[in-house]
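Subject: Structure handover

Hello,

Here is the structure I said I would pass on. My notes on what was found in it follow below.

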Amino acid sequence: MERIRNEELERIARLAGLSLSDEEKELLFSDLSRIVPYMERIAELDLSLENEDDAAVNSISEETFLREDRAETSDISDKILAQAPLSKDGLFTVPRTVE
Amino acid sequence: MDYETIVGLEVHVELRTESKIFCSCPTTFGAPANAHICEVCAGLPGALPRLNKKVLDYAVMTALALSCEVTKESRFDRKNYFYPDLPKGYQISQLYAPIGRNGKVEIEYSGKDDSSEQRTKTIRIHELHMEDDAGKLIHDPLENVTRIDFSRCGVPLLEIVTEPDFRSAEEVVAFLEQLRNMLKFLGVSDCKMQEGSLRADVNLSVRPIGEETLGTRTEMKNLASFRAVAKAIEYESERQWAIVKGGGTIARETRRWDEEKEASFSMRKKEDAAEYKYFPEPDLPVMRISDEKIETIRKTLPELPIEKKKRYIEQLHLPAYDAGILTSSKPLTVLFERTAELGGDPKEASNWIMVEFMKILNDHGDNAEDFEMRQDSLGEIILLVKDGRISRASAKALLLAAYEQGAIPEEFAQEHDLWLISDKEALHPIVEKVLQDNPKALAEYRAGKVKNKQFLLGQAMRETKGKADPSILAGVLQECLESE
Amino acid sequence: MTNEAILSLTAYELAQAIREKKVTSEEAVLAVFKNIDENESDLHAYLSFWKEESLKQAQACDAIVAGSTDPEGLPPFLGVPFAVKDNLLLSGRRSTCASKMLEDFVAPYTATCVEKLQAAGAIIIGKTNMDEFGMGASTEHSYFGTTYHPMDKNRVPGGSSGGSAAAVASGSAFGALGTDTGGSIRQPADYCGLVGLRPTYGTVSRHGLVAFSSSMDVAGPIARDTRDAAAILNVISGADEKDQTSVSSPKIDISAMENYEVAGKRIGIPKELLGQGTQTEALEKARAYFASNGAEIEEFDMPILAHAVAIYYILSSAEASSNLSRYDGIRYGYRDPDATDLSELYTKTRSSGFGLEVKRRILLGNYVLSSEHFNDCYRQAERAREKLKRSFEKAFEKYDLILCPTAPGVAPELGKIDQDPLASYMADLYTVPASLAGIPAVSVPCGTFREGLPCGVQLLAPRFGEQEILGAARFLEKQQRKGAGV
């Protein structure tokens with residue numbers, strides 16, 4: 001397996017919402033260029049007989065487990081708002097979004 | 001060289017449920033900011049989605065109404081991206097196994113050339129899926145920041161994706177009107193575009209007539225009315241064609257429609273945002289939809305507008321135009337069907353609605369889609385006329401009173417003494433009095449001036465203040481004239 | 001009772017002693033806090049604890065006992081001090097997940113499993129240290145500093161539920177809740193000489209468990225013995241409408257565990273999980289106990305296990321990268337003060353709020369989910385997971401139980417694990433198979449070995465097979481007591 005190219009991992013970091021210091025980059029990129037090829041070895045596994053529809057997710061399905069459509073006002077909305085690092089007049093605040 | 005416009009739609013519909021798709025918070029529109037948030041919809045650590053049963057039922061119902069194949073093992077997927085209106089950092093949507101696929105809708109529309117001829121066309125539905133809505137961003141110009149209200153987060157949405165089957169704005173608007181009407185008939189959504197409960201994004205490309213391959217498409221957002229949709233399609237087609245004709249290339253991008261400027265503006269280039277890292281939502285089990293469940297829901301499906309229209313024409317023998325109007329809104333259809341049932345005469349019911357009731361709506365500036373009137377009133381009024389108990393003129397007054405004040409016809413007629421006098425005994429003295437008061441006219445009649453009978457009848461009617469049953473009154477006059 | 005006598009009890013025994021008024025809950029809480037006062041600075045098992053409130057609750061419990069005419073009808077853990085891992089929410093308490101990101105986050109609601117433990121009378125005295133967001137196997141990846149092994153301060157207690165294990169092993173709690181994604185209950189229990197039970201996926205609600213890998217996260221007991229583990233599981237298990245992946249399961253018959261019949265049991269040992277070193281000694285000891293009591297033991301091939309670690313890291317990192325996207329500094333938690341625009345709000349907050357190991361996993365998760373790698377990595381891993389599940393199903397047609405090591409050896413020395421991330425991932429080989437398959441697994445002590453450190457073995461059964469593995473684990477426990485002359 002080819003080594004993970006730096007620019008690819010830079011792109012992955014952007015996707016991950018992370019900006020890495022040069023030091024971190026060096027360390028993480030070197031780790032990942034060992035880890036990723038190890039992971040990618042599963043590509044060699046012959047799983048062709050397996051039925052794709054059965055792919056592993058939680059496949060418990062109990063109709064009765066669905067929630068009935070009844071509205072209930074949460075009693076923690078104030079507590080949630082109180083945790084906001086920055087808010088005003090009951091609204092959370094972020095730097096301006098570009099539209 | 002001439003060109004054609006190719007349009008596909010992505011329509012988002014807010015479902016009319018009491019609670020949100022994945023939590024019990026109310027879905028009420030216009031609540032105070034962040035009043036309706038909890039650990040689930042605000043994306044707190046440790047919170048898990050809990051699917052609302054009604055959302056699934058509504059989705060299956062809509063899939064069936066759109067003639068979709070219902071997916072037997074449907075599943076949610078996470079669509080991952082960062083944006084401040086998205087608290088979890090992902091939207092819970094459906095990519096790999098949406099609830100409905102391969103549907104179709106037959107639309108009827110009038111052509112561009114203003115001919116009254118109706119055309120029909122089948123629009124294919126690519127898929128139908130469920131997802132949660134995002135929060136609302138509010139720009140604060142004073143501090144130049146953005147504020148967020150997460151109350152809308154988790155309001156249940158259905159996304160309906162069509163194939164690129166539209167060739168004109170007329171077709172698109174006809175489809176949207178029909179879709180909106182259908183969803184309201186199903187009772188799954190209010191479809192209020194102004195409140196954002198129906199949102200249509202337009203994917204549009206142009207190509208020279210005769211060309212097979214599709215051109216590069218743009219996606220247009222922020223279309224707040226059907227008029228905006230039509231305007232935007234026309235604007236965007238012309239914009240794209242001008243570029244193509246000039247030898248340029250269309251950028252694959254998302255554009256925002258500006259209703260005031262009646263123009264669209266680039267929001268973002270598509271390449272940047274293409275990576276959503278979709279994967280199956282591990283917090284929700286697979287939804288196994290049994291054949292029995294599908295059949296149970298199919299049985300609860302109401303007769304859809306297009307089916308009703310056909311039935312009105314074929315079985316009730318209404319004109320196509322009338323049938324079209326009567327099925328264009330759910331309250332109107334309900335009124336018509338109840339009126340026809342009570343009055344026993346669909347044609348009569350239709351006439352009353354098409355003429356008198358529509359006039360009342362117009363005069364009040366009200367909308368045929370959400371008026372309010374007691375369902376039985378018009379039927380009762382028609383019966384009163386039919387039984388000769390009130391005049392047609394009184395009937396119109398009664399209908400107005402029923403609409404404006406919610407008057408009950410029987411009671412209102414009683415209160416305002418609208419009853420027709422059909423009692424011969426009661427009419428006899430009145431006629432006698434008229435004859436006595438008009439000796440000259442009577443004498444001339446006897447002398448052979450036959451048309452004076454009409455004058456005397458008019459005088460008698462005036463004497464009853466118009467409340468006499470005209471045929472009975474005429475009979476009584478005749479008797480009196482002959483007996484002298 | 002002396003403090004020493006109190007602290008030597010199991011949770012089960014203490015609850016009984018409190019009900020029988022041989023000791024008060026207040027005495028038990030005082031004993032535990034005296035122990036915390038003496039040892040916590042060397043141990044760092046807790047991220048937070050609250051003595052005054054715990055004492056108040058203890059007095060309330062004692063009042064209930066004093067006023068009760070039916071002691072046996074009292075809640076099963078009335079007055080017993082418990083600890084809870086810091087990724088399980090407790091309303092009004094800081095729940096940091098050992099991350100700078102949630103340093104000041106106060107939980108506005110309580111996790112279902114914690115609520116159930118409280119409803120059973122337990123007194124939650126504190127929140128325990130862990131690897132940040134559960135990512136790690138040593139508790140060294142805590143933003144607030146490592147937890148030390150109670151028996152050797154130069155070693156790690158394991159992880160990620162290292163704080164819970166250290167607290168229970170050192171007498172700073174009578175039992176604890178941990179969470180297990182790829183082994184985070186079993187491995188620290190193994191290193192600290194405790195019983196660690198990973199329940200069947202879904203039997204314990206995840207509501208209020210801060211998600212790491214949703215398809216594998218479970219909460220479960222870290223306990224002084226198998227009876228405690230069973231009793232705690234009975235309290236915290238059950239379907240929960242707040243977690244639609246949760247299921248109801250049969251309760252454990254604790255007295256039946258005492259009569260577990262070893263003779264005739266068929267026990268399989270996957271060859272891929274035969275270790276080398278200390279773990280082999282523990283495994284051989286367990287094998288001998290079972291064999292000499294009439295069980296049939298057989299080694300068998302399960303080739304897919306060679307890929308278990310890769311499958312686990314692909315899937316768990318993918319889910320983690322998505323689960324940790326909500327930490328953006330907007331609604332709660334750390335927000336970088338220097339962010340000037342929206343993009344920086346995300347990147348600066350997340351880059352300084354998360355530790356290195358968490359970033360490593362997030363990057364890995366984004367890699368396997370990105371469009372170029374999705375099919376080769378994520379999809380392939382999903383299919384391989386299915387194959388692994390089926391391999392287990394097949395094995396359980398033949399065997400009642402699967403026996404294997406819990407970890408590669410005794411607790412490693414501090415600082416050894418972080419040097420080579422890939423090697424540390426590979427050390428999870430023994431625990432990730434049960435995680436991927438969603439089946440129950442228990443780690444039970446099998447004696448002390450090199451330098452007096454404990455080492456255990458792991459027992460696996462099909463879904464809902466807790467009664468089977470706990471019965472077998474109880475048997476091993478009793479064999480060792482016999483062996484030790486207890």
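This is a predicted model: local features need pLDDT of at least 70, side-chain atom pairs count only at pLDDT 80 or more; totals for chains, interfaces and linings use all residues.

Two strands count as paired if DSSP finds at least two bridges between them.

Strand β2 (residues 81-85) of chain C and strand β4 (residues 175-180) of chain C are paired in the parallel sense, over two bridges. Val84(C) has Leu177(C) as its bridge partner in β4(C).

Both strands belong to an open sheet of 11 strands with mixed pairing, in the order β1-β3-β2-β4-β6-β5-β10-β11-β9-β7-β8 (chain C). At the edges are β1 (46-49) and β8 (296-300) of chain C, each of which pairs on one side only. From one strand to the next the twist averages 30°.

Two helices that lie across strands of chain C are worth noting. Helix α5 (residues 112-119) of chain C lies across β2, β3 (123-128), β4 and β6 (218-223) of chain C, and runs at about 165° to β4(C). Helix α10 (residues 278-292) of chain C lies across β7 (266-270), β8, β9 (401-405), β10 (441-448) and β11 (454-460) of chain C; its angle to β11(C) is about 55°.

Chain C against chain B

Chain C puts 33 residues into its contact with chain B, and chain B puts in 23 residues. On the chain C side, the elements that give two or more residues are α11 (308-323), α12 (342-353) and α13 (356-369) of chain C. The largest share, three residues, comes from α11(C). By class, this side of chain C has 14 nonpolar, 11 polar and eight charged residues.

Chain B: domains

Chain B is divided into domain 1 (3-292), domain 2 (303-415) and domain 3 (424-483). The C-alpha centres of domain 1 and domain 2 of chain B are 36 Å apart, and six residues of domain 1 are in contact with six residues of domain 2. On the domain 1 side of that contact, helix α2 (residues 169-186) of chain B gives the most, with four residues. The residues on this side of domain 1 are three nonpolar, one polar and two charged.

Chain B: helix packing

Helix α13 (residues 424-437) of chain B packs on helix α15 (residues 452-463) of chain B at an angle of about 125°, with 9 Å between their axes. α13(B) is therefore oblique to α15(B), and the crossing is right-handed. Ile430(B), Val431(B), Lys433(B) and Val434(B) in α13(B) meet Leu456(B), Gln459(B), Ala460(B) and Glu463(B) in α15(B). That contact has five nonpolar, one polar and two charged residues.

α15(B) also packs on helix α16 (residues 470-483) of chain B, at an angle of about 120° and with the axes 10 Å apart. This angle makes α15(B) oblique to α16(B), and their crossing is right-handed. From α15(B), the residues Lys453(B), Leu456(B), Leu457(B), Ala460(B) and Met461(B) meet Leu473(B), Ala474(B), Leu477(B) and Leu481(B) in α16(B). By class, the contact of α15(B) with α16(B) has eight nonpolar, no polar and one charged residues. Leu456(B) and Ala460(B) meet residues of α13(B) and also residues of α16(B).

Regards

Conventions:
Residues are numbered from 1 along each chain as its sequence is written. Chains are lettered from A and ligands numbered from 1 in the order in which they are written. Domain bounds come from an automatic or database domain assignment. Two residues are in contact if their C-beta atoms, placed from the backbone, lie within 7 Å. Ala, Val, Leu, Ile, Met, Phe, Trp, Tyr, Cys and Pro count as nonpolar, Asp, Glu, Lys and Arg as charged, and the others, Gly among them, as polar. Axes are lines fitted to C-alpha atoms, for helices over the stretch in contact, and angles run from 0 to 180 degrees between N-to-C directions. Angles under 35 degrees count as roughly parallel, over 145 as roughly antiparallel, 65 to 115 as roughly perpendicular and the rest as oblique. A crossing is left-handed if the near helix is turned anticlockwise from the far one by less than a right angle, and right-handed if clockwise.
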